[in-house]
Amino acid sequence: MASKTLTEFFPPAKRLKPLPPVETLNPPSSLSTVCNSYNKDSSSNLTPDEKSRIEINRCFALAKRNLRICNERVSKARAEGLTFVKLEELLVEKTWLEALPGELGKPYMKNLCEFVGREARGSTPIYPPPFLIFNALNSTPFDRVNVVILGQDPYHGPGQAMGLSFSVPQGVKIPSSLVNIFKELQQDVGCSIPSHGNLERWAVQGVLLLNAVLTVKHHQANSHAKRGWELFTDAVIRAISHKKTGVVFLLWGNSAQEKARLIDASKHHVLRSAHPSGLSAHKGFFGCRYFTNNFYMRCLNKPLIELPFLAVLA
């Protein structure tokens, strides 16, 4: 099978139909009448692919807005002489605040906030940067979640962690686990391996890239485990399981599979395999074909092009 790029699965959207000249329009009763009429006509002429791209761009804009709000709150706190902003101020996506009512105010979260604050004031850096701690939730609204990929804890090297499991910013070397994910995607779908590891476009299309633990100390994997983060991410999984249906949970490795107890398998699709790390990818991750065959036949029953994993990453 000839190798294709991810972009080839999504050809560029056609140019939208331009607004007709003013003289061809009937005299409107108001400006809003013109706008509503044009939006309705334009929308009806769009292909499903064009509508999908418009929706993705809208979600991207929402994610960037949430990111900007978090960044502004961190900057404001620092300007006021504070070394760390409260965790409750860093989750700003409204749909998650509604799905997790009162969770951020529970005693364990207050203790967790104090712990993370102490760690941030120490001499050893912690990751990701504060404004990215809840990036997975701020980038993927609750009502758009259709796939959950669970990781363990953030990458612990400088500049790697960005609050999305398995993802790294563009320009950062792609970690081995993500390389193996791309290899399986290539083997399964036939597309070429991307040149970077930024998975933001997966996130805005409804793939919740969630780690079980959301912070970590520099070069110390699992250093923030068993401090309260697991209770919070358990609450996230429970909310998805209880309030949604038909979500696909990809549980790669033993750590992720511990969350299976929180998922109602009668309502959702739980797919297990080995972890994609270099140590275990050959023990069942390679060849699992969750991107097409299992994913397509057993779960979504959607055409291949609708799978969020085939999003353009560039």
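A: A definition comes before the rest: helices are DSSP runs of H or I with at least four residues, strands are runs of E with at least two, and both are numbered from the N terminus. The model discussed here is predicted.

Q: How many helices and strands does the chain have?

A: The count is ten helices and six strands. Lys226 shows how the numbering is used: this residue sits in the loop between strand 4 and helix 8.

Q: What is the phi of Lys226, and is the residue buried or exposed?

A: The general idea is that most residues other than glycine have a negative phi, and most peptide bonds are trans. Lys226 has a positive phi, near 60°, although the residue is not glycine. The cut-off for exposed is over 50% relative accessible area. Lys226 counts as exposed because its relative accessibility is 76%.

Q: Where does Phe166 lie, and is Phe166 buried or exposed?

A: Phe166 belongs to the loop between strand 2 and helix 6. Its phi is also positive, near 70°, in a residue other than glycine. Buried means under 20% relative accessible area. Phe166 has 8% relative accessibility and therefore counts as buried.

Q: Which residues does the cis peptide bond join?

A: Tyr127 and Pro128 are joined by a cis peptide bond, with omega about -5°. Pro128 is in the loop between strand 1 and helix 5.

Q: How is the length of a helix read, for example that of helix 6?

A: The reach from the first C-alpha to the last is set against the span expected at 1.5 Å a residue. Helix 6 has 14 residues and reaches 20 Å, close to the expected 20 Å. Helix 4, residues 107-121, has 15 residues and reaches 21 Å, close to the 21 Å expected. After helix 6 comes Gly190, with a positive phi near 100°.

Q: Which residues of helix 6 and of helix 4 are buried?

A: In helix 6 the buried residues are Ser177, Leu178, Asn180, Ile181, Phe182, Glu184, Leu185, Asp188 and Val189. In helix 4 they are Tyr108, Met109, Leu112, Cys113, Phe115, Val116, Gly117 and Glu119. The cover over the buried residues of helix 4 includes strand 1 (126-127), strand 4 (216-217) and helix 8 (229-243).

Q: What can be said of the chain as a whole, starting with its buried residues?

A: The chain has 314 residues, and 48% of them are buried. Its accessible surface is about 15900 Å², and carbon and sulfur atoms hold 53% of that area. Contacts can also be sorted by distance along the sequence. Of those between residues at least 6 apart, 69% join residues at least 24 apart.

Q: What does a residue between the two classes look like, such as Leu97?

A: Leu97 is in helix 3, residues 94-99. Its relative accessible area is 38%, so Leu97 is partly exposed. Leaving aside residues up to four places away in sequence, Leu97 touches Leu91, Val92 and Leu104. The C-alpha atoms of Leu97 and Leu137 are separated by 9.7 Å, and these residues are 40 apart along the chain.

Q: How is empty space found, and how much lies in the largest pocket?

A: Rolling a probe the size of a water molecule over the atoms shows where empty space is left. The largest pocket holds about 540 Å³. Its lining has 29 residues, and Gln152, Asp153, Tyr155, Ser177 and His275 lie nearest the centre. Strand 2 (147-151), helix 6 (176-189) and helix 9 (254-257) each give two or more residues to this lining. Helix 9 gives the most, with three. By class, eleven lining residues are nonpolar, 17 polar and one charged.

Q: How many cavities of 30 Å³ or more are there, and what lines the largest cavity?

A: There are two such cavities. The largest cavity has about 60 Å³ of space and is lined by Phe60, Ala63, Lys64, Leu67, Asn135, Ser139, Glu200 and Val204. Helix 2 (48-79) gives the most to that lining, with four residues. The classes are four nonpolar, two polar and two charged.

Q: What is the volume of the second largest cavity, and which residues line it?

A: The second largest cavity has a volume of about 30 Å³. Val74, Ala77, Arg78, Leu82, Thr83, Phe84, Val85 and Pro130 form its lining. Six of these are nonpolar, one is polar and one is charged.

Key: Residues numbered from 1 in each chain as written. Predicted model: local features only at pLDDT ≥ 70, side-chain atom pairs only at ≥ 80, totals over all residues. Heavy atoms only, no water. 1 Å grid on protein atoms, 1.4 Å probe; cavity = no way out; pocket = protein on both sides within 12 Å on 5 of 7 lines; lining within 4 Å. Points joined across faces, edges and corners; volume = space filled by probe spheres on them. Nonpolar A, V, L, I, M, F, W, Y, C, P; charged D, E, K, R; others polar. Expected span 1.5 Å × (residues − 1). Buried < 20%, exposed > 50% of the residue type's maximum accessible area, 1.4 Å probe, protein only. Contact = heavy atoms within 4.5 Å. Areas by Shrake-Rupley, 256 points an atom, 1.4 Å probe, with all protein chains shown as cover.
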